[in-house]
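Visitor: Could you take me on a close look at one part of this structure, the surroundings of its ligand? I would like the contacts and the definitions behind them.

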Amino acid sequence: MTLADSTKSQKSSLKQLLSDQMRNIAPIFTLIILVLFFAVQSPVFFSVANLLNILSNASITGIIAVGLTFVILTGEIDLSVAALANAIGITMAFFTIQPDYVNIATIPLPGLICIVLTLASALALGAVTAFGVTKIGIPSFIMTLAMMQIANGVSALLVRGQIAYTFPDLITLLGAGKIFGLRWSIIVCSLLLLFAHLVLTYTRFGRYVFMVGGNREAAEYSGVNVKMIIGAVMIISAMCSGLAGMLGVAYFGSAQQNGFDDFLLTAISAVVVGGTSLFGGRGGIGNTIIGLLVLGVLNNGLDLIQIDSFLKILIRGLILLAALVINVYAQKLKEGGAEG
Amino acid sequence: MSASSSTLTGGAKAPSVSGPHAEPILEMRHVSKSFGGVKALRDVDFSILQGEIHGLVGENGAGKSTMMKIIAGVHAGFEGEMLVSGQPVHFRSARDALAAGIGMVHQELSVIPDLSVAENVFLGHQPVMAGGVIDWRRMNDTARQQIASLGLDIDPTTRMGSLPVGLQQLVELSRVLFSGAKLIILDEPTSALSPPEIERLFTVLRRLRDDGRSIVFISHFLDDVLAIADRVTVFRNGEKVITEQASALTKDSVIAHMIGRGSANMHMGESATLAADDSKPVILTVEQASDGRMLHDVSLTLRKGEISGVYGFMGCGLIELARTLFGKNALKTGTLVIDGKPIRFASTSAAREAGIAYVPENRRMMLFRTEPVYKNISIAILDRIHSIFLKTGREREISETHIKDLQIRPPRTDIALGNLSGGNQQKVALAKWLTHLPHVLILSEPTRGMDVGAKEDVIRIVKALRDRGVAILVLSTEPETILTLADRVTVMKKGMVVKEFSHGHIDKSDLLAAA
Ligand SMILES: Nc1ncnc2c1ncn2[C@@H]1O[C@H](COP(=O)(O)OP(=O)(O)OP(=O)(O)O)[C@@H](O)[C@H]1O
Ligand SMILES: [Mg+2]
């Protein structure tokens, strides 16, 4: 091979690599830019306290985003995550003794039983979604929209406009407590992210999730039980949302109607900004972590530099739009690169 | 490599001047193209005259599609020169090529299933009335006429996706055939067509040629190529071997050029002597199966160690039969009996667990284009090699064995599947079922899109599987495939079994007459 030849092929393979890795590079690049920008703009940004603050703010969203990553990897969507988190948080309060001044009908149970029952409720709601999507064949977009409404209904019925403040001790510890100055919620979220990463990368189930997202028809013709995989990710998502709801109410210190309203958009944004393909089959937990950090840094930084709080909403919207453009563009590049 | 690309030998390879239209409408000079490390084309000279049908043949991966994609503006980057009507051109996109009068039908279907037939025919250039409103009436009428000239009677407002693949292929062809392009490139256009459909297509091609259009015709059906082409070019391994008048070539000589050696035993069966053995144990029976749509009272018996062939024209229900057996489509009436027990599959995975394997006719349906080859091969056996955790090393090992056995090119486990040539993709689709022998193997069009050598390989492998006791069902619209493989033959027509052959001599005409 001549020199010209080899540089040419190096160039083209570099281009190939870049286009393959676009969905991973763009979010990391965004993160670095944001960190540098805010570090220059605000002296407190790089303090340990502030960095921990970013992490703990991202931790509840992070738990939701874990489940959502599974769902989006299969090419489905779950719009019920935030509503479900709230409903499950409230359900837990419902099973816990509340102080006298809280005017909510409850069925108080011992802490552990309460936790188990609450998790079982999350499982049940997830199973309903899974059934609707796989057995009846309702598109997940619509099915989870209905589930969102149902979960909101459950929340409304249980709290009736009141606010609950007391939760099982274990949950209060995990949601609001600290160890060596580190919030437990950060630890729980990190462990969950790690576990999900291991599942997605090193297990058979994880491989199926990617393959179903990559080409559902092909998975089916290879004898993969596609419905089971999709049902499973819907249930995983509901369980993650449920856990986030339990820790979340403890984190906020209260359970009430509309307690998680921002979380749907933030969790979906985190997954998508991180670069997991909206069409399924590409991305993963690594991407979601970057996405969580991008959003966390952005929210925190915008607060620090004290800009117009109305402008903040717009900026978040623009960042999400940019991420969507990159997401779809990366998909096209990838498909174009593998033209047969 | 560098030596050959720097020597100028173009003069010696000038196209042979012949016939009334001698000017080349297209000339490719010293064209090379590589993908990463793979050299798909090396210093190829290639020209097409005005008003000729030019056959292009070569083994899987020889570079045929790559050359055509360069001409049609799909691959913008390449080394070498391209001249259209004597003028150097450089296309940056397929749109540029279209504007220059070059239209291509790709090997992989590229229709849009959710649009109507007429919309597919006029994709991107719908007739409009004043004010830019689409002229639906004219669009549908013209589409109907064009499709009719291919001998089809399809309502142009039908949704494309509801048609069988063969009809979709014809509609796609009509899009380019009647686009007014002066150079029409057809990359394996006949792979899903029945003999009468192919005849009608050829009539249209000859008419277009006589109008002065030029046509490139790529196919692995060498008889077809020799019958329709005026000149034939053979590619081997990214290089042009020869361009010759079709009249001066025979099938044998073409094969010899393709594979670079003699072509003994490279013939597919034109006839067969069947000797079905009714004493072999029955593995699967289909009794009076109907799916409420395409299949009517189909009965079939598959025996251990036997290949049952089902022949029929496109749209006769072969595809539906296969889907039903693999648990993809539901049975409305009738039963499926495996090892003496009636069974009903709730899903494809239930069918797989019952020991049924299926290779569909359309590779896009069972392959993951952006995933590496080894993941494509291992997907169907993941639960056999892993319990919970993946053992990727083992997956690669298994893939390597299959790549060697099936001679998949390039022999790499981690290249993205979409980067393989069409025929090699087909081999991967077969490979995924070969690690753990299924009880029943359903092969839909197993040799479609494969070159002679690869067909031989597939035939050898399928027969070996039979000899190891697999009950095999081969469904095909190619009589040669059926005659070469089958121990017994069933002919289907309009969703019904119309004829069965189990003993004695049959040939192509028997099958065609029955279908
Ligand atoms: N986009 C791509 N990226 C990488 N390699 C490619 C790509 N397209 C083709 N190739 C490689 O180039 C070579 C030629 O492929 P091509 O598709 O031109 O073969 P072909 O002659 O059309 O074969 P077939 O008869 O199987 O369709 C093959 O080795 C193939 O793997
Ligand atoms: Mg090809």
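**Around ligand 1**

Guide: An oxygen atom of ligand 1 is 2.5 Å from an N or O atom in the side chain of Thr66(B), a polar contact in the sense of a pair of N or O atoms within 3.5 Å. The model is predicted, so local features need pLDDT of at least 70 and side-chain atom pairs pLDDT 80 or more, while totals for chains, interfaces and linings use all residues. Side-chain values use heavy atoms, without hydrogens and water, residues are numbered from 1 along each chain as its sequence is written, and chains are lettered from A and ligands numbered from 1 in the order written.

Ser421(B) also has a side-chain N or O atom 2.8 Å from an oxygen atom of ligand 1, and a polar backbone atom of Ala62(B) lies 3.2 Å from a ligand oxygen. The protein covers 95% of the 640 Å² of accessible area that ligand 1 has on its own (Shrake-Rupley method, 1.4 Å probe).

Stepping back, ligand 1 lies between chains A and B. The shell holds 22 residues, with Gly61(B), Ser65(B), Thr66(B), Asn419(B) and Gly423(B) the closest; a residue counts if one of its heavy atoms lies within 4 Å. In chain B, strand S2 (38-49), helix H2 (64-71) and helix H15 (422-431) each supply at least two shell residues, and H2(B) gives the most, three. Helices (H or I, at least four residues) and strands (E, at least two) are DSSP runs, numbered from the N terminus.

Finally, domain 1 (23-109 + 168-259) and domain 3 (362-437) of chain B both give residues to the shell, so ligand 1 lies between them; domain bounds come from an automatic or database domain assignment.

Notes:
Polar contact = N/O pair within 3.5 Å; in protein donor to acceptor, adjacent residues only side chain to side chain.
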